[in-house]
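Okay, thanks for coming, everyone. I'd like to walk you through one model today, so let me put it on the screen.

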Amino acid sequence: DLHMSKARESARPPELAVGWGGGSPTAARRARVTSQDELERRVVEAAKSGVALLVRGYGRSYGDAAQCAGGLLIDGTGLDRLVELDVEAGRARVEAGCSLSALLRAIVPRGFFLPVSPGTATVSVGGAIAADVHGKNHHRAGSFASFVERLSLVTPEGRRELGPDRDPELFWATVGGMGLTGAIAEATIRLFPIETPAMVVDTERGGDLDEVMEKLAEADRVHRYTVAWIDGMARGGRLGRGVVTGADHAGAEQLAAGAGRKARDGRFLADDGSRALSVPLKPPGNLVLAPVVRAFNELYFARAPRCRTGQLQSIPAVFHPLDALEGWNRLYGRRGFTQYQFAVPFGAEPLIGRALSELQANGLAPTLCVLKRFGEADPAPLSFPLPGWTLAVDLALGGRDLALTLDHLDELVASAGGRVYLAKDGRLRPDALAAMYPRLGQWLETRERLDPGGVFVSDLWRRLAPAGGRGE
């Protein structure tokens, strides 16, 4: 039966895989695993046969990080068990394919929250570690991997148990390693205790970029979670105007005083997996056009309060607002979009405004723009956050001079000691990688120890691998 199953699978035609941005799809054979033993068997078989392999979660990498052209793409979302929830110790042991959304539904009613949450809950735990995702609280808590106590990594030479205090070099190479050191099978995560499932939110407007950055820095000193929405279409004296949000978990007294009846009907519970709206599978074209974005930004900024404190909001509204619109990436049409996210150290603040100005000057319409501040970096060589500022900008693919403009911004970012986020990237040049990630050589040596045959490969790595880096 096993032989017949393998024969049927090998006879299946390759299937297209594409990143969340919708650009550059490639074909690979697909296989889904539902047990850790099956995952281990797949890795060993691929190593013996010389087949390139990559594990894919929910496909929320914007570019080509979760694609493996001509190889075997393993769907890891079948490894979705919550193995153990230790309420006394405040930790969860989960399989790597468990989504953050499912984990939230399990832990929020028990009085816990994720220590770090990215902008979508439709991310696997393994993917969160592989990309070392960050959230709105990096200035306080750091990245997701800072709360991973242990992970089980499947390599061609067997399974390894890693942690910050157990083979730390291998652990930190896997963190932010974009799935190229092995297949994460399971992880144990420390959780963050909360009293209620509600958030207390303060909101304030800033009339230009300097004012927004000043208010965001002040919000960091007060709130656990902070972020600034930036109007990427505003020009001149209004360049970089935006809305700064600071949030904290509501205590029981705050919820009782401010929520009333609406708090008791479940309004503040974590994401239940439902979606209120959905974008059609085949929209007529790019719906995120410059006039539409400009009109939306004008309305959003005008309706934002000059200063409002103490508003109660739900966890999904604060952390994952776009998850309410299923398939929102399809709004950009068939060509798709890219998210250009870079970080620069403190002292390089002028580069934020320059990036916005250059995008506008080159006829590119920045749609969704988000600004945050980062705290201390973790020890992972390929982890994205560094102490400083990060700007994320959505841009429709196919715009005039897009590639040339972003290449130029890459040069400015690298010269300022900054970097771009590999989980969002789909177009970085290989020569820029080492400049942005100066510990790349150290990571390459560690990866060679974990995967000496170069079994784990992605389209991103084929595009960026330096000579001898086994990107083939």
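So, β2 and strand β4 (residues 72–75) run parallel, and four bridges join them. When I say two strands pair, I mean DSSP finds at least two bridges between them. And the elements themselves are DSSP runs numbered from the N terminus: helices are H or I with at least four residues, strands are E with at least two.

Quick word on where this comes from: it's a predicted model, where local features need pLDDT of at least 70 and side-chain atom pairs count only at pLDDT 80 or more, while totals for chains, interfaces and linings use all residues. Residues are numbered from 1 along each chain as its sequence is written, and side-chain values use heavy atoms, with hydrogens and water left out.

Back to β2, residues 26–32: strand β1 (residues 15–17) is joined to β2 by three bridges, and those two run antiparallel. Glu15 has Ala28 as its bridge partner in β2.

There's also an open sheet of five strands, in the order β5-β6-β10-β8-β9, with antiparallel pairing. Which are the edge strands? They're β5 (82–86) and β9 (158–162), and each pairs on one side only. From one strand to the next, the twist averages 10°; for angles like that, axes are lines fitted to C-alpha atoms, for helices over the stretch in contact, and the angle runs from 0 to 180 degrees between N-to-C directions. Looking at β5 and strand β6 (residues 91–95), they pair in the antiparallel sense over four bridges, and Leu82 has Val94 as its partner in β6.

Okay, helix α2. It covers residues 36–49, and at 1.5 Å a residue its 14 residues should span 20 Å; the end C-alpha atoms are 20 Å apart, which agrees. That expected span is 1.5 Å times one less than the number of residues. Gln36, Glu38, Leu39, Arg42, Val43 and Ala46 of α2 are buried. They cover an arc of only 160° around the axis, so they sit on the same side of α2; the arc is taken from the directions from the helix axis to the C-beta atoms. Turned away from that buried side, the other face carries exposed Asp37, Lys48 and Ser49. Cut-offs here: buried is under 20% relative accessible area, exposed is over 50%, partly exposed is in between, with a 1.4 Å probe and protein chains only. Just after α2, Gly50 takes a positive phi of about 75°.

Now the rings. There are 14 aromatic pairs in the structure. Rings of Phe, Tyr and Trp (its six-membered ring) pair if their centres lie within 6.5 Å; planes under 30 degrees apart are stacked, over 60 edge-to-face, and the rest tilted. Take Tyr225 and Phe319: centres 4.8 Å apart, planes at 90°, so edge-to-face. Tyr225 is in strand β13 (residues 225–231) and Phe319 in helix α11 (residues 315–319), so the pair ties together parts 94 residues apart in sequence. Tyr225 counts as buried at 2% relative accessibility, and Phe319 counts as buried at 1%.

Another edge-to-face pair is Phe346 with Trp389, at 6.2 Å centre to centre and 80° between the planes. Phe346 is partly exposed, with a relative accessible area of 39%, whereas Trp389 is buried at 4%.

Last one: Trp20, Tyr62, Trp328, Tyr332 and Phe337 form one aromatic cluster.
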